[in-house]
Amino acid sequence: MNGEQRTVAVVGATGSIGASALDVIARHPARLRASVLAAGSNVAALLQLCAIHRPRHAVIASEAAYAALRDGLRDAGLDTQAHCGDAALEALVSGDECDTVVAAIVGAAGLPSTLAAARAGKRILLANKESLVLAGELLMAAAHAGGATIVPVDSEHNAIFQCLPDAHAHAGLKRIILTASGGPFRGRTRASLADVSVEQAVAHPKWSMGPKISVDSATLMNKGLEVIEAHHLFGVGRDRLDVLVHPQSLVHSLVEFVDGSTLAQLGLPDMRTALAVGLAWPERIASGVSGLDLIAQGGRLDFEPPDLDAFPCLRLAYAALDAGGTATAVLNAANEVAVSAFLQRRIGFLAIPALVEHTLAALPATPATSLAALYEADREARRIATVAIADKAIHA
Ligand code: NAD
Ligand code: MG
């Protein structure tokens with residue numbers, strides 16, 4: 001970093017990853033500054049963050065919330081400039097106001113700003129895995145063409161990145177093993193999951209996260225999205241991407257080489273470690289996370305294979321990766337609709353995989369030649385899943 005201060009846009013600032021990123025940034029005022037903060041619709045939370053971090057710019061996605069943001073900044077006596085909408089966000093993450101972008105919007109809504117940062121050659125700390133599942137090839141190509149550096153901050157991919165920092169010169173790589181906590185329902189049969197509540201599904205045993213990814217962890221769709229994410233980030237085929245359930249969530253992933261070596265990265269389950277890696281790489285900075293005391297953590301590391309019968313979402317994600325083209329965009333969109341309906345208590349837990357399967361069957365994969373084709377698949381999948389929910393066509 002040569003003593004220069006990095007300017008960071010935190011996109012999805014009011015969320016769980018946003019809070020962890022801002023916590024690390026605030027620990028290093030001489031080398032890091034949050035210059036742009038962006039959020040979806042929660043003006044009060046964004047205003048609070050602006051008062052603490054004093055960014056140059058604040059962006060709210062919802063146009064209806066713009067006046068409240070502008071007036072709130074003025075009333076607080078802050079000189080942060082208010083903006084709203086996608087175009088403003090894309091201009092800010094591409095422009096001179098930041099050299100680093102924390103991409104932490106949840107869902108496919110994160111793709112436009114992540115793509116803009118990639119084209120502009122920024123350092124991208126990528127948490128928004130859905131953008132890679134929707135348009136992985138295009139996003140990686142845009143990053144390559146724009147000269148952007150993507151540092152994955154999903155904990156598993158950050159672990160792999162640390163074991164394999166030069167992602168495309170990995171001679172001798174044999175396979176990647178993503179670890180999974182197994183979520184709150186590890187060990188349960190499929191039948192016993194029919195009546196689980198939203199509260200049970202979002203109560204993750206090891207990680208504190210936003211509601212959507214918490215449900216994804218309970219269905220194991222999160223691990224499926226991560227297999228697809230790893231495929232794009234590290235250029236590794238499905239046959240060399242394995243998943244192991246590791247309930248302690250201390251080994252964040254493993255990389256095996258042809259010589260018999262396996263490298264792993266370990267640490268407490270706290271996203272600030274991965275964010276600190278991304279913010280300072282190739283240097284290391286304090287993150288606020290303490291070191292790992294394996295004895296204090298129970299003195300053991302357990303591993304078991306995932307149960308694809310109880311958790312079919314992981315199988316569906318592998319199948320979508322195999323099908324290629326628009327299939328992973330369809331998988332992601334149907335899952336977003338299903339998880340949102342589950343969180344609103346409109347469908348049961350087992351309807352999530354059922355809806356994803358129904359939508360994938362209704363929309364066979366076609367080649368994904370353009371962003372427009374992927375967005376069309378995304379829209380059509382959302383429509384089909386929404387109709388199936390309204391018609392109560394899925395009985396799970
Ligand atoms: P969250 O729900 O806590 O926060 C989401 C953020 O996105 C909020 O700031 C919200 O305002 C913003 N947002 C939503 N829609 C928006 C829009 N249209 N425009 C602008 N901003 C918008 O979610 P989270 O748990 O922080 O997860 C964020 C992303 O990081 C997800 O893709 C998730 O899969 C990934 N991730 C999260 C964790 C974790 O520990 N939370 C770990 C790994 C990966
Ligand atoms: Mg993860």
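Domain bounds in this account come from an automatic or database domain assignment. The structure is a predicted model, in which local features need pLDDT of at least 70 and side-chain atom pairs count only at pLDDT 80 or more, whereas totals for chains, interfaces and linings use all residues. Residues are numbered from 1 along each chain as its sequence is written, chains are lettered from A and ligands numbered from 1 in the order in which they are written, and side-chain values use heavy atoms, with hydrogens and water left out.

The assignment divides the protein into domain 1 (6-153), domain 2 (155-270 + 294-312) and domain 3 (324-396). The centres of domain 2 and domain 3, taken over C-alpha atoms, are 23 Å apart. To their contact (heavy atoms within 4.5 Å), domain 2 gives 20 residues and domain 3 gives 14 residues.

The size of an interface is often given as the accessible area lost when the parts come together. For domain 2 and domain 3, the buried area (the accessible area, with a 1.4 Å probe, that two parts lose on being put together, summed over both) is about 1500 Å², of which 78% lies on carbon and sulfur atoms. Of the area that domain 2 buries against domain 3, 31% is supplied by V198, K212 and M221, more than by any other three residues.

One salt bridge (a side-chain nitrogen of Lys or Arg within 4 Å of a carboxyl oxygen of Asp or Glu) is counted between domain 2 and domain 3. A salt bridge also joins R345 and E199, whose closest N and O atoms are 2.7 Å apart. On the side of domain 2 that touches domain 3, the elements giving two or more residues are helix 8 (198-202), helix 9 (211-219) and helix 10 (221-234); helices are DSSP runs (H or I, at least four residues), numbered from the N terminus. Helix 9 provides the largest share of this side, six residues.

The structure as a whole holds 26 salt bridges. In one of them, the side chains of E226 and K129 meet at 2.9 Å, N to O. Because E226 belongs to helix 10 and K129 to helix 6 (residues 129-146), this pair ties together parts that are 97 residues apart in sequence.

Around ligand 1 there are 23 residues (each with a heavy atom within 4 Å of it), of which T14, I17, G40, E130 and G210 come nearest. A polar side-chain atom of E130 lies 2.6 Å from an oxygen atom of ligand 1. Polar backbone atoms also approach the ligand: that of S16 is 2.9 Å from an oxygen atom of ligand 1, and one of I17 is 2.9 Å from an oxygen atom of ligand 1.

Methods. Polar contact = N/O pair within 3.5 Å; in protein donor to acceptor, adjacent residues only side chain to side chain.
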